[in-house]
Amino acid sequence: MSFRFFIIAVTICITSTITRAQDVIQSKQYPKNQFRYPLDLPPTTAGSFGELRANHFHSGLDFKTNQRIGFPVHAAYDGYISRVRVQFGGFGQALYITHPNGYTTVYGHIEAFTAEIAKYIRDYQYKNQTYEADIAMPVGTYKVNKGDVVAVSGNRGASAGPHLHFEIRDTLTQETINPQLFGLTIPDQIPPTITAIGIYHLNGNPFSDKTPKEFLAVIGANGNYHLTKPQVLNLGGNIGFGISVIDQNSASINRNGIYSLELKLDGVTMYTFAVERFAFDQTHAINAYIDYPAFITARRWVQKCFILPGSRISLYPQSINRGIMAFNDDKIHEVEFVVKDIAGNRSTLTLKVQSNTSAGSAIPEKPTATLLHYERKSEFANDKVKLSIMPGNLYDDLDFIYSAMPAKPGAVSLTHRIHNKLTPIHDGYDLWIKPDVNLVANADKAVIVNAATGSIGGTYEAGWVKATAKAFGDYYIKIDTIPPIITPINIRNGSNMKALRAIKLRMSDNLSGIKSYVGKIDGKWVLVEWDYKTKVLSYTFDDSIAAGKHKFEFTVTDAKNNVSTFTAEFYR
């Protein structure tokens, strides 16, 4: 069997499971006439499903609300409210509706719940003495019909402006699915815009920040693109390609993500990417999908059109040789990028490649340090540092490099350079560092610090401080004995609060981070909310605080159990 015939046969076999509804790649069909839009506004979005974000793929549609809060949010279909959540960051406030058709809809960044649900949450918060709450609601108790108002749109949590984040999830698997596949489409007659391509000379080596690469600018319009400098590319050995591309719909000026990307070699599809659905434990694999070193060093979004062997995500419905192309026959080949949005608008870019056997080596380079394998447990240790990486956390084999540097001011250990920040970790790995001083008196106050991001916590075990690290980089040990700082905003001892709606204050910590806080009035726990954007904490007065003299007490504890308390008497 010839090599070309083998590729075509494999392609036919693999793509037989992929359907194309209205020229959109998807693995299955979804009900088109059941769900309604969650808002009564003309549908326009600030963010698309699967859009590239730092450390994650965007998990829904961000519906615009005219830069305002307060629009009624409607149930997209019949069902019951199955979950509500209140959190400091993230969605801020979110509501989940489970539907009888096997799907669950999610409504995030909402400003307010209905009165009945708000009371249920408040009762839970006071009973459990917690602001943050993730509540599974009694099955079938809070039933809703399609179109019922279930909340009010807002700007809570980690949002960049007022909007409604909307998701449709598979109730059984909790995978999130592109809402536009259910007929909740956005007007769109604009094809994606291609701005550059990347060429990666892999030559049998794992992808890393040391992979030789080049970026070539692209120009074009109306779906037809070509290199700014027309040329036949002279390439040899194992080559991977990448592309910089954005999309825009007809209802918004926002730049969004694409839906699908195909890479073809001489007409044969070698690689397919499509943002149909994914699981949340896969979303960090965006760092395997993009050129992570280019993003970290230059904030450049390049979508790699080849798959790292350790990447496990359902956004790759098809590939041959993981999208890597071998140019070793001294012939001219055609490489074509086909990029589509979910409306089926299409942009293409075609390259001519002269295969050159002398331009690339098929012999992989030998590791210069310690080789860590993505598919099995990897360990590194010396007398000062240890680490253990479980399978599933590296996306490719790694030529691991370690070095020790002098201690930083205030540190109680050397600074340990654990590889470098240009290689991503999917979840985390165990890291142990040995202190250079006796920690007997302060062992419970020790934390491991990432020089770039701060404390990652830590526990003292048999002479070592251990923590879970989420990234490679520079790490060392510090001791945290300093309590948090509480800064009152509108209250002091003896304040008259009669004309004010709320008590407001801020808190901060120098190292290990806030673990918990408690607000009390006259010795009884009260609900103090924490706003993600302003970092202001506030207790809103209610009818339980009668006229007269009262005592407010606010206590903050950091992750190393250092405690600060603010007290003030006030009058209502």
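A residue is called buried when its relative accessible area is under 20%, exposed when that value is over 50%, and partly exposed in between, using a 1.4 Å probe and protein chains only. The model is a predicted one, in which local features need pLDDT of at least 70 and side-chain atom pairs count only at pLDDT 80 or more, while totals for chains, interfaces and linings use all residues. Residues are numbered from 1 along each chain as its sequence is written, and side-chain values use heavy atoms, with hydrogens and water left out.

Lysine 340 is buried, at a relative accessible area of 2%, and glutamate 262 is likewise classed as buried, at 3%. Their side chains meet in a salt bridge with an N to O distance of 3.9 Å; the term denotes a side-chain nitrogen of Lys or Arg within 4 Å of a carboxyl oxygen of Asp or Glu. This pair links distant parts of the chain, since lysine 340 belongs to strand β28 and glutamate 262 to strand β22 (residues 260–265), 78 residues apart. Strands (E, at least two residues) and helices (H or I, at least four) are DSSP runs numbered from the N terminus.

Aspartate 341 lies in the loop between β28 (332–340) and β29 (346–355). Aspartate 341 is buried but has no salt bridge, and the nearest side chain of opposite charge is that of lysine 340, 9.4 Å away. For charge, Lys and Arg count as positive and Asp and Glu as negative, whereas His and the chain ends are not counted. The side chain of aspartate 341 does reach the backbone nitrogen of alanine 343, at 3.0 Å. Beyond its neighbours within four places in sequence, aspartate 341 is in contact (heavy atoms within 4.5 Å) with residues including Asp188, Asp247 and Tyr259.

The count of salt bridges comes to 20. In one of them, aspartate 62 pairs with arginine 53, the closest N and O atoms being 3.5 Å apart. Aspartate 62 is buried, at 6%, whereas arginine 53 is partly exposed, at 23%.

The sheet can be considered next. Five strands form an open sheet of mixed pairing in the order β43-β50-β49-β45-β46, where strands pair if DSSP finds at least two bridges between them. β43 (495–496) and β46 (524–526) stand at the edges with a single partner strand each, so one side of each lacks a neighbour in the sheet. β43 runs parallel to β50 (residues 563–571), joined by two bridges, and asparagine 496 stands opposite tyrosine 571 in β50.

Technical notes:
Polar contact = N/O pair within 3.5 Å; in protein donor to acceptor, adjacent residues only side chain to side chain.
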